[in-house]
Amino acid sequence: AIFTLFIETFENLDDVNTSAGSGSASINGAYDADKHIFVNSSTDTSLVLQSVAKVITGPNDNAWCFVDYEAAEGASLTVEISRDSGVTWTTLTENAITSISTQPTGVQVVCRVTLTGAVTLKNLAWGVK
């Protein structure tokens with residue numbers, strides 16, 4: 001099977017749901033550096049970036065992600081995916097295929113990234129099949 005792949009640059013933060021933690025207040029900056037979008041979170045915040053729901057046909061029983069980021073000591077970044085419009089979530093392991101077959105079936109797939117502490121998110125790619 002072929003993965004349906006999405007590159008999330010969070011280029012337009014108005015299209016990104018910055019919920020939980022301090023929300024958009026915890027973004028120090030979003031800027032273009034050599035055509036790569038960077039999102040920085042500060043040391044004392046938690047920030048959730050959520051993509052808009054993508055309508056994808058097929059069973060979509062597996063997911064995968066690649067993340068390019070830098071995290072200060074004690075900081076973390078978590079990538080999760082939902083195939084039922086954000087009701088049920090599964091944590092993805094970077095560069096590994098993760099089964100999401102136990103999630104309720106649906107066609108609206110959403111990816112969210114949680115930045116805790118000082119994290120610079122450079123690029124995110126994720127996919128389902």
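Modeller: Two strands pair if DSSP finds at least two bridges between them, and a strand is itself a DSSP run (E, at least two residues), numbered from the N terminus. The model discussed here is predicted: local features need pLDDT of at least 70, side-chain atom pairs count only at pLDDT 80 or more, and totals for chains, interfaces and linings use all residues. Residues are numbered from 1 along each chain as its sequence is written, and side-chain values use heavy atoms, with hydrogens and water left out.

Biologist: Which residue of β11 is the bridge partner of Leu 47?

Modeller: Strand β5 (residues 46–50) runs antiparallel to β11, and five bridges join the two. Leu 47 has its bridge partner in β11, and that partner is Leu 115.

Biologist: Is Leu 115 buried or exposed?

Modeller: Leu 115, which lies in strand β11, is in contact (heavy atoms within 4.5 Å) with residues beyond its neighbours within four places in sequence, among them Val 39, Leu 49, Leu 77 and Leu 121. The C-alpha atom of Leu 77, 38 residues away along the chain, is separated from that of Leu 115 by 4.7 Å. Buried means under 20% relative accessible area, exposed over 50% and partly exposed in between (1.4 Å probe, protein chains only); because its relative accessibility is 0%, Leu 115 counts as buried.

Biologist: In β8, which residue stands opposite Arg 112 of β11?

Modeller: Strands β8 and β11 pair in the antiparallel sense over seven bridges. The residue opposite Arg 112 is Glu 80.

Biologist: How far apart are the closest N and O atoms of Arg 112 and Glu 80?

Modeller: Side chains of opposite charge can pair when their charged atoms come close. Arg 112 and Glu 80 form a salt bridge (a side-chain nitrogen of Lys or Arg within 4 Å of a carboxyl oxygen of Asp or Glu), with their closest N and O atoms at 2.7 Å. Glu 80 is buried at 13% relative accessibility, and the N to O separation asked for is 2.7 Å.

Biologist: What is the relative accessible area of Arg 83?

Modeller: A search of the whole structure finds two salt bridges, and one of them joins the side chains of Asp 61 and Arg 83 (2.7 Å, N to O). Asp 61 sits in the loop between β6 (54–55) and β7 (62–71), whereas Arg 83, 22 residues apart from it, sits in the loop between β8 (76–82) and β9 (90–92). Asp 61 is partly exposed at 30%, whereas Arg 83 is buried, with a relative accessible area of 2%.

Definitions and conventions: Helix = DSSP H or I, 4+ residues; strand = E, 2+ residues; numbered from the N terminus.
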